[in-house]
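Visitor: Hi, I'm new to this one. Could you walk me through it while I look?

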Amino acid sequence: MTDVLQAPAPQRAPAPWVQRPAGLCYGGDYNPEQWPREVWVEDIALMKEAGINLVSVGIFSWVLLEPREGEYDFEWLDHLLDLLHDAGISVDLGTPTAAPPAWFWKKYPEALPVTREGATLGNGSRGMASPSSPEYRRAATNITEQLARRYASHPALVLWHVHNEYGAPVSESYDDNSVLAFRKWLRARYGTLDALNQAWGTLFWGQKYGEWDEIDAPRVSASVSNQAQRLDFRRFTSHALLQCFIAERDVIRQYTPDLPVTTNFMATNCLSADYWAWSKEVDIVANDHYLVAQRTDNHVLLSMDADLTRSLAGNRPWMLMEHSTGAVNWQGRNIAKRPGELARNSISHLARGADAVMFFQFRASRFGAEKFHSAMLPHAGTGTRIWREVLDLGDDLKKLAAVKGSTVESRVAILWDVESFWAQDLEWRPSSDLDHRERIEAFYTVLWKAGISVDFAHPEADLSGYDLVLAPALYLVGDKAVANLRSYVHNGGNLMVSYFSGIVDVNDTVHAGASPGALRDVLGLEIHEFLPLRHEETITLSNGAAGTVWAEEILPGSATVLSRYLDGPAASGPAITRNTFGAGTAWYVSTKLDGDDLAGVLLDAARGAGIDLGTQPPAGLEVVARNAASGKFTFLINHTDADAEYPAAGLDLLSGETVSGTAHIPAGTVCVVHTPGVTS
Ligand code: GAL
């Protein structure tokens with residue numbers, strides 16, 4: 001749903017990629033303010049040794065740059081940028097607005113964010129102010145302007161890094177300024193209170209509003225809060241955060257109109273921002289990704305995150321702005337990366353469209369909250385495996401420079417709409433086992449294992465280029481998306497829908513009639529009752545598959561029943577169906593299938609959609625291609641302890657060896673085969 005208050009993105013030519021360095025970008029966050037100046041000199045020499053060509057600086061330096069309100073000290077940053085420039089290292093300059101100084105909080109305590117429970121968050125950490133605080137916006141744009149004015153013509157500067165990870169750790173704020181801004185946003189969205197009352201269904205539980213100033217932020221209340229109100233507050237919050245970014249970006253553009261401006265996303269890991277809207281506002285999409293260390297399939301989740309990032313970037317090159325060389329410090333068990341994992345992770349992002357591989361951070365911090373976080377240069381220094389792997393990666397990225405600017409082509413798309421996740425995550429749903437993230441991961445994993453490249457798409461986006469579109473979790477579907485999905489299938493597209501999709505509209509109001517109201521005729525069936533299963537209950541399908549979590553009483557209309565429930569609450573009823581709608585086909589899967597059971601259904605649909613599955617990769621071998629005018633780059637990343645083989649021909653850019661017919665990928669290693677003249 002388009003945010004009514006968001007001005008359309010101005011018509012600008014797509015911003016250029018960073019003008020320097022010439023090859024792939026390699027580097028990380030660099031926080032030299034934690035070290036004496038002699039260490040800076042040592043750091044820069046080590047950066048050169050590693051082939052680092054881009055660093056992000058100043059991200060948390062507000063208090064050093066503006067030690068007292070209106071008093072500035074740029075001497076240290078002048079010196080640092082000069083040193084970096086002299087060494088040929090380019091700078092991604094941060095605006096430090098994710099960490100306002102102590103003087104700011106003392107003077108403007110009303111800018112402190114307030115939680116839904118009513119707690120005012122204190123200072124002494126990091127994280128932004130209330131996004132609706134006028135004092136914060138003024139102070140943030142001021143320090144940004146000071147930086148932009150001072151460094152506009154500095155030769156090291158190639159990119160602006162606004163703020164840090166908007167939406168984390170602060171997103172929704174329930175302070176007074178936010179309530180006022182929310183009301184203003186609602187007035188612009190609805191125009192009249194009647195329209196708002198209708199959209200929010202306020203006749204339920206007698207919640208009707210008679211005056212705009214009766215409306216509060218949906219703070220914790222006696223029972224479940226109005227769900228449409230909560231959904232709107234999430235939309236409003238994403239919008240308010242985005243306005244903070246736009247305010248800084250527009251100040252910067254006055255001084256450096258030709259330099260790209262970005263901010264770091266957390267693609268699949270931040271549900272506070274609607275990144276489809278955000279990606280229209282940044283010049284280059286940049287992303288931070290950290291492994292969920294305890295998951296043994298975290299390389300698959302990494303791929304999913306990278307594929308979403310590429311999709312947000314409109315399939316243009318994007319930056320991996322942060323990831324880690326080893327363990328992070330903020331998970332329950334901070335599992336270290338195993339030898340080779342640093343390279344596999346980095347090259348997987350690259351394979352999925354990144355033209356920059358950056359880490360948090362260059363030198364490990366001795367003090368502060370992140371002293372146990374890995375870095376490119378660990379506490380133990382240059383005699384370490386991590387440092388050697390950092391040097392090796394620098395070499396590899398030079399060998400892979402030809403990949404720069406190439407693109408990834410996908411014939412399959414998974415629908416991704418954060419508004420749908422926001423709505424589904426509200427209270428009082430039919431089962432606490434419903435989990436949109438889990439279903440998307442399950443569908444994605446089947447395709448990853450099959451070596452099938454996947455884009456993500458908003459349900460209102462043009463889908464006509466995809467042979468198969470998947471909706472593993474699309475609870476909320478607005479009218480525009482309904483029309484889009486209908487016409488996609490009607491015109492010959494193939495759509496596979498999983499349970500609890502197509503249920504409500506943009507106000508979390510159930511589409512009229514039997515579910516799934518938004519997709520009933522496309523799927524050719526009606527659901528008469530949701531039949532959630534008990535914890536760990538398993539049901540059997542006539543095709544031999546096992547279902548968990550969910551079943552439904554389905555009345556098939558035009559749909560063909562492919563498989564039935566043999567037992568459980570929907571016994572003898574349809575479980576999996578396929579319908580012809582116009583020139584296209586729509587599949588429906590009404591229970592939670594996993595592993596081979598899900599793969600069976602999904603890969604059948606892929607074949608039905610005309611997708612050639614080709615040679616199936618051995619377990620744990622990641623296969624993905626980037627295409628350029630010069631030919632195809634096939635990335636083969638072996639995540640296992642066993643050697644692997646895969647058909648390929650050309651030159652392995654990393655080993656320099658010719659591959660004729662079969663690539664041999666030793667355990668834990670990577671091959672990147674360039675096949676000239678082939679483009680898909
Ligand atoms: C990121 C953040 C960095 C650093 C890193 C540690 O989310 O942007 O500043 O904290 O996490 O993993």
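Visitor: Let's start with W428. Is it buried or exposed?
Guide: This is a predicted model, and in it W428 counts as exposed because its relative accessible area is 62%, over the 50% cut-off.

Visitor: Where does W428 sit in the chain?
Guide: You'll find W428 in the loop between α13 (418-424) and α14 (436-449).

Visitor: What about the backbone there, what's the phi of W428?
Guide: Phi is positive at W428, about 60°, even though the residue is not a glycine. Most residues other than glycine have a negative phi.

Visitor: Which other residue has a positive phi without being a glycine?
Guide: D508 is one of them, with a phi of about 60°. D508 belongs to the loop between β13 and α16.

Visitor: And D508, buried or exposed?
Guide: D508 is buried, because its relative accessible area is 12%, under the 20% cut-off.

Visitor: What about N507, where is that?
Guide: N507 lies in the loop between β13 (494-498) and α16 (520-523). N507 counts as buried because its relative accessibility is 18%. Setting aside residues up to four places away in sequence, N507 touches Y190, A199, A228 and L231.

Visitor: New topic. Which peptide bonds are cis?
Guide: One of them runs from R20 to P21, with omega near -5°. P21 is in the segment before β1 (25-30). Another joins F360 and Q361, where omega is about -10°. Q361 is part of the loop between β9 (354-359) and α12 (385-399). As a rule, most peptide bonds are trans.

Visitor: How far is the side chain of E165 from the ligand?
Guide: A polar atom in the E165 side chain is 2.5 Å from a ligand oxygen. For N164, an N or O atom of the side chain is 2.8 Å from an oxygen atom of the ligand. E322 also has a side-chain N or O atom 2.8 Å from a ligand oxygen.

Visitor: How much of the ligand does the protein cover?
Guide: On its own the ligand has 310 Å² of accessible area, and the protein covers 94% of that.

Visitor: Back to the domains. What are they?
Guide: The domain assignment gives domain 1 (53-283), domain 2 (288-399), domain 3 (412-608) and domain 4 (621-676). The centres of domain 2 and domain 4, taken over C-alpha atoms, are 21 Å apart. In the contact between them, 14 residues come from domain 2 and 13 residues from domain 4.

Visitor: Last one: what's going on at N334?
Guide: N334 is in the loop between β8 (318-322) and α11 (341-351). N334 counts as partly exposed because its relative accessibility is 30%, between the 20% and 50% cut-offs. A polar atom of the N334 side chain lies 2.9 Å from the backbone nitrogen of Q331. Leaving out neighbours within four places in sequence, N334 is in contact with A327, V328 and N329.

Key. Residues numbered from 1 in each chain as written. Predicted model: local features only at pLDDT ≥ 70, side-chain atom pairs only at ≥ 80, totals over all residues. Heavy atoms only, no water. Polar contact = N/O pair within 3.5 Å; in protein donor to acceptor, adjacent residues only side chain to side chain. Areas by Shrake-Rupley, 256 points an atom, 1.4 Å probe, with all protein chains shown as cover. Helix = DSSP H or I, 4+ residues; strand = E, 2+ residues; numbered from the N terminus. Buried < 20%, exposed > 50% of the residue type's maximum accessible area, 1.4 Å probe, protein only. Contact = heavy atoms within 4.5 Å. Domains from an automatic or database assignment.
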